[in-house]
Amino acid sequence: MRPLDGITILDLSRVLACPFASMILAELGATVIKVEQPGGGDETRGFEPRVQGPHGAESAYYLAFNRSKQSITVNFRHPEGQALIRRLAEQADVVVENFPVGTLQKYGLDREHIAPGNPGLVYCSCTGFGLTGPYSGRKGYDTVFQAMGGIMSLTGERGGGPVKPGLPVADLTSGLWVAIGILAALMGRERGGGGCHLDFSMLDGQVGLLSLAAARYFALGEVPPRLGTEHPGRVPSAAFECRDGKWVQITGSDQHWKPLCELLGLAHWRDDPALARNADRVARRDEVMQGLQAAIRRFERDELCARCDAAGVPAGPILSVDEILADAHVRARGMVGEYEHPQLGRFGAVPVPFKFDGYDDPSLGRPPLLGEHTRQVLVERLGLDDQAIAQLREQGAI
C-alpha cells in the first residue's frame, strides 16, 4: 500500500501550484478527482508547449502537473453542477481550490456551504495574498510573488539587476507548502481533531522561504546584496568556469580548504594560516575568488569534479536539463520515468522523489483526458444512472 491510500481529494484547482500539490498527493496514494470546466477544462490544457502524438495533441504544461488524477467536467455556474460538487465534497477528505477570494462563495462552494454535513473535511484555499489582509483582493502570478516575496531581489549577478529564477519557484514551492499543510491537517484529524479551513497565501509562502536572508537581517540589519552564485557568508561557495567553457559549483567549509588548494596547485594558500578560517576568506573575498577562478580555468570540468570527489571537496557540475535527465545517478535513482498516454504513446515524466521502506513507492500514472472519469465518478460515488447523467449533460451541468 501507499501512504495515502483511502484518502479522497476533490480538486477544484487549476494552473500550477495546487495541481502540483494534488499530483504529489495522488502519487502517494490519494484518489484525486479533478473538477474541470466543460469544453476547455483547466486552462493549462491550452498552454504551450504542445506535444503532438499519433492520436492527438496535449499540453506538456498540463501533463507535468496532473498525473494520476481522475478528471470530471462540471459547470460551476450551473445549480445542478454546484449540487454535484457539494455531494462529492460530502464524501471527500480534502477539498483544494485556488480561485480568487470570494469566487466560490458566489456558487455556494466555499468552506461554509460546500459540505456542512462533513465536519472532518479539510478545505484548502490557496490564494495569491490570503483571505485576509490589505492585499487579499489583489491578483498575481508566480513572478509577482517572486518579486514581492524577496527572491528576485536576492537573485542576479553582483552589481546587476534582479533576475527571475529559471523555474516558476513561487508556484512550485507553493505546491509543496499546500501539500505539507494538507498532510498536517489530515494528521491532526487522525489524532482526534476535526476538519479545518487552511488559508494559504502564495506571498506568505515566499516570505516563509527567506530563512537565511531574514536571519542575516535580524542579526546584522543587513539587506543581502545580489551575489550571483556566491554565498554571502562562505568562501568558497560559487560557480567557476572551467577550461572547456563548462561550469562547476564548489562549496567548501574550513576542513575542505587545504584539500582544495592542494588539488588546484595553490600551495601558498594551502599553508597560509591567514586563510585557514572562513571568516578570513570572506574578508578577502575578491582576492580569493579571483585566485580560485584563475586556477580552476586550467582544468576541464569533468576532470576537476573527479579531483574534488577524490579529495572529499564538495563540488558538482552545473548540468543542463538534457545532461541531468541523462545522468547515470539520476537514472539509477528512478528520477526519469514514463507512462503510456492514449494520444501520445510513451511520454516522459519526472516522478515524485520519495523512496519508502515500509510503503509502496509513489506511482507514476498518466494525466487524464478531459472529462475521462465523469461517468465513472457520478455512477460509483453518487449512484447516478445513465438517464440522469444524460439529463445533466443536456442541461449543461456537466
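## A charge over a ring

Let us begin with Arg 138, whose charged end sits over the ring of Tyr 135, 4.9 Å from the ring's centre. Here, a charge counts as sitting over a ring if NZ of Lys or CZ of Arg is within 6 Å of the ring centre and within 35 degrees of the ring normal. Arg 138 also lies over the face of Phe 129, at 5.4 Å from that ring's centre.

A word on the model: it is predicted, so local features need pLDDT of at least 70 and side-chain atom pairs count only at pLDDT 80 or more, while totals for chains, interfaces and linings use all residues. Residues are numbered from 1 along each chain as its sequence is written, and side-chain values use heavy atoms, with hydrogens and water left out.

## Aromatic pairs

How many aromatic pairs does a search of the whole structure find? The search finds eleven. Rings of Phe, Tyr and Trp (its six-membered ring) pair if their centres lie within 6.5 Å; planes under 30 degrees apart count as stacked, over 60 as edge-to-face and the rest as tilted. Tyr 339 and Phe 347 make a tilted pair, because their ring centres are 6.1 Å apart and their planes stand at 50 degrees. Tyr 339 is buried, with a relative accessible area of 4%, whereas Phe 347 is partly exposed at 22%. For these words, buried means under 20% relative accessible area, exposed over 50%, and partly exposed in between (1.4 Å probe, protein chains only).

Phe 356 and Tyr 359 form an edge-to-face pair, with 6.2 Å from centre to centre and 80 degrees between the planes. Elsewhere, ring pairs link Phe 20, Phe 47, Tyr 61 and Phe 65 into a cluster.

## A nonpolar patch on the surface

Phe 356 and Tyr 359 turn up again on the surface, where they form a nonpolar patch with Met 1 and Phe 354. Together the four residues have about 410 Å² of accessible area, a value from the Shrake-Rupley method with a 1.4 Å probe, in which only the protein chains shown count as cover for residues. Like charges are joined within 9 Å, and nonpolar side chains (Val, Leu, Ile, Met, Phe, Trp, Tyr) within 5 Å.

Is Met 1 buried or exposed? Met 1 counts as exposed, at 59% relative accessibility, and is found in the segment before strand E1 (8-11). Phe 356 is partly exposed at 32%, and Tyr 359 is partly exposed at 42%.

## Backbone details

Helices (H or I, at least four residues) and strands (E, at least two) are DSSP runs, numbered from the N terminus. The peptide bond from Glu 48 to Pro 49 is cis, with omega near 0 degrees; Pro 49 lies in the loop between strand E2 (31-36) and strand E3 (50-53). Another cis peptide bond joins Val 235 and Pro 236, with omega about 5 degrees. Pro 236 lies in the loop between helix H9 (211-220) and strand E9 (237-241).

Val 15 is not a glycine, yet has a positive phi of about 70 degrees. This residue is found in the loop between E1 and helix H1 (17-27). Ser 211, found in helix H9, also has a positive phi, of about 35 degrees, although it is not a glycine.

Methods
Patches are made of residues with over 30% relative accessible area and no salt bridge: like charges are joined within 9 Å, nonpolar side chains (Val, Leu, Ile, Met, Phe, Trp, Tyr) within 5 Å. A salt bridge is a side-chain nitrogen of Lys or Arg within 4 Å of a carboxyl oxygen of Asp or Glu.
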